[in-house]
Amino acid sequence: MLGLRHLGAVKLELRSPQNVNGIAADPQPDWSFDNLLSELDAIDKKLNVTLDFPVPFTKTQPRELRASKDSYRGTRAFVMHVPHHESDYSDDDSEEEADNSTMVSGRRFACDELYMSDDSENEIPLQCHLMDKVGLAEGALHELTHELRLSVSEEVRSKISSLETELVNENEKFASAIAKVERDRELQQERERKFDLQYQRTIAEALDNHLTAVQRDHEHISQQEERRIRDDAAREEAKRKEKALQEEKLRQEKIKAEEEARLKAEMAEKAKAAAAAAEKQAAEEAAAKRAAETLRSTAQNAAQESKKTLGSPSSAVDVKKEVQSSARNVIKASENALELEKRRQQIYEELSAKNKDLKVRANQDYHRHGQHMGRQIKTISATVENVRTRAEELVKLITSPGCPESISIQLFAEKIVSNCTNQRSSNAIFATSRVILLVTSKIPLAMDVLIAELNRVCIYTVPKHISYSEEVFKTKDAYFKAIGYEEQNGNIEGIDDYVERLSCYMKLYGAIVQTEVGGFQNLHGLREGWAWLARFLNSLPANLYTAVALHSFLEMAGFALHRRYRNQFEKLLHIVARDFLNALKEGGSESWSAKLSKVKMSIRDYIESNQFKKEPEGLQLRGHLESNDFY
């Protein structure tokens, strides 16, 4: 205050009027420092209305300038000097004088030394420059305003600094809190996600367990239902068999009675014939005695003429052997194939003889039974339900007590073979082969009879080929009949019809050997098909008939054979392409050459395009046929 810039005592010089506007500028010579401060407070209050910032001046702290009573060396007055020259001011005073405009000269006062600080024992001279009365008030106010501004600015700066520090701290705390909230939120989301996942797993497990239980219950119910159906079927079968047994017993008794009556009649007829023969023999013996000599001479002449004609007694045997050798040269087939054909043909002939005898005894032709079986075979289609139904109906017809089983088996084989010539699509042929498998798995004899029937109508299912020979076949028609041509209206059918029937028979045979149904055994399966192909390539020549037979067989059974034998089957196809196709020689009529060229191209395309790796059309029915679908 009052222009003080140094801590310590300052001498003040004053040359100014005694009184300015009622305010005494000349202090009392005995004022103490406290009195001086009180006087300045009074001046401040009087001039408060003139300040730019009308804030009451309150001196809360005398800036440590108030000295204790012990610090004063006496109560002498102080001297105030107001310098006449600007050099007497300090640097700070010069700055204040520039703000306060002009200074007022005054006279010099002598002041005792004053201790301004309680903390310092050094005596610091206090020297202030006083202006005139008006300048003093204004200087004091200006000084107070300046110090107030400095203090307020300092406080504002310190407050701003503290606020900035607090703001930074608050921002850091806020950021930390936000980060913590985010972490907590992420942790909560992760916990909720894990909980949801665990909940979904629990629901899925519960649902799976429930579905498993439901499925198990359904399977159990289905098994019970199937068991009940099987039991009912078994009871019905037992009743049917018992009834059939009783009917068969009655029929056998009737046949036995008829046989006994027939035998009695035959014995009576034989007795009559024996009596007549005895009488006739007696008459002949009498006549023989009379003509004995004549017969002896006639016999001698006949013996002489026979020796001249034949040369020797062994000539007839030689002729017979010659005929047998020619037959062997005409037939082209392996020994195993011929033996199997002979065995099947023997079974077929025995069955035919038995059936003929049964028809004679029963005095029935069973034509209606055969018609009913033919209708069942003609309605076969490529669906699982149809195949199952037709197989069940055919098994019932074959085992029906109304017709002997042997007759039903022969009718079944004949109807199957005759119907295959009317089937043009592979779907129908594959479906028929499935029905055959289901029926023959229940009645094994039917398979042997069916294959024998196929061997009878088509020699290439053996496989076997018959070459033409004038020594064996006197005419071409006889040869054509031997290899399977049919006679229609007294004429032999054309080559187109024969080749078409040949293809149908071979397609049926190929479909039979490749058919597989789960739970059922194929008695003439892929093993027999592989043997047929090997015997065919080893024994049969390459011509139009054998080429058509081979192509039809591969078209139906090639895929299954490749799936079973893989590389071995491909090696056989390589032999076909290398040897068999090259051995096919075009010749003969124009129709013959066209057909041969067409079938040759078909076989080559089948091998080169790997058609044997593609499932043939119609092989799969709609759905799968398993063993539990058929009883």
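Asn 489 sits in the loop between strand 9 (487-488) and strand 10 (491-492). Keep in mind that this is a predicted model.

**Backbone spots worth a look**

- Asn 489 isn't a glycine, yet it has a positive phi of about 55 degrees.
- Is Asn 489 buried or exposed? Its relative accessibility is 79%, and the cut-off for exposed is over 50%, so Asn 489 counts as exposed.
- Asn 610 is another non-glycine residue with a positive phi, again about 55 degrees. You'll find Asn 610 in the segment after helix 17 (590-608).
- With a relative accessible area of 32%, Asn 610 comes out as partly exposed.
- Look for a cis peptide bond from Val 462 to Pro 463, where omega is near 5 degrees. Pro 463 belongs to the loop between helix 11 (445-457) and strand 8 (465-466).

**Helix 14 and what covers it**

- Helix 14 runs over residues 526-539, which makes 14 residues. From first C-alpha to last it reaches 20 Å, close to the 20 Å expected at 1.5 Å a residue.
- Which residues of helix 14 are buried? They are Leu 526, Gly 529, Ala 531, Trp 532, Leu 533, Arg 535 and Phe 536.
- The cover over those buried residues includes helix 6 (335-362), helix 13 (495-514), helix 15 (544-565) and helix 16 (567-583).

**Helix 13 against helix 15**

- Two of the helices covering helix 14, helix 13 and helix 15, also pack on each other, at an angle of about 30 degrees and with their axes 8 Å apart.
- Angles under 35 degrees count as roughly parallel, so that is the label for helix 13 and helix 15.
- The crossing of helix 13 past helix 15 is right-handed.
- On the helix 13 side, the contact is made by Ile 495, Tyr 498, Val 499, Leu 502, Ser 503, Met 506, Lys 507, Tyr 509, Gly 510, Ala 511, Val 513 and Gln 514. Their partners in helix 15 are Leu 544, Tyr 545, Val 548, Ala 549, Ser 552, Phe 553, Glu 555, Met 556, Ala 557 and Ala 560.
- Sorted by type, the residues in this contact of helix 13 with helix 15 are 16 nonpolar, four polar and two charged.

Definitions and conventions
Residues are numbered from 1 along each chain as its sequence is written. This is a predicted model: local features need pLDDT of at least 70, side-chain atom pairs count only at pLDDT 80 or more; totals for chains, interfaces and linings use all residues. Side-chain values use heavy atoms; hydrogens and water are left out. Helices (H or I, at least four residues) and strands (E, at least two) are DSSP runs, numbered from the N terminus. The expected span of a helix is 1.5 Å times one less than its number of residues. Buried means under 20% relative accessible area, exposed over 50%, partly exposed in between (1.4 Å probe, protein chains only). Contact means heavy atoms within 4.5 Å. Axes are lines fitted to C-alpha atoms, for helices over the stretch in contact, and angles run from 0 to 180 degrees between N-to-C directions. Angles under 35 degrees count as roughly parallel, over 145 as roughly antiparallel, 65 to 115 as roughly perpendicular and the rest as oblique. A crossing is left-handed if the near helix is turned anticlockwise from the far one by less than a right angle, and right-handed if clockwise. Ala, Val, Leu, Ile, Met, Phe, Trp, Tyr, Cys and Pro count as nonpolar, Asp, Glu, Lys and Arg as charged, and the others, Gly among them, as polar.
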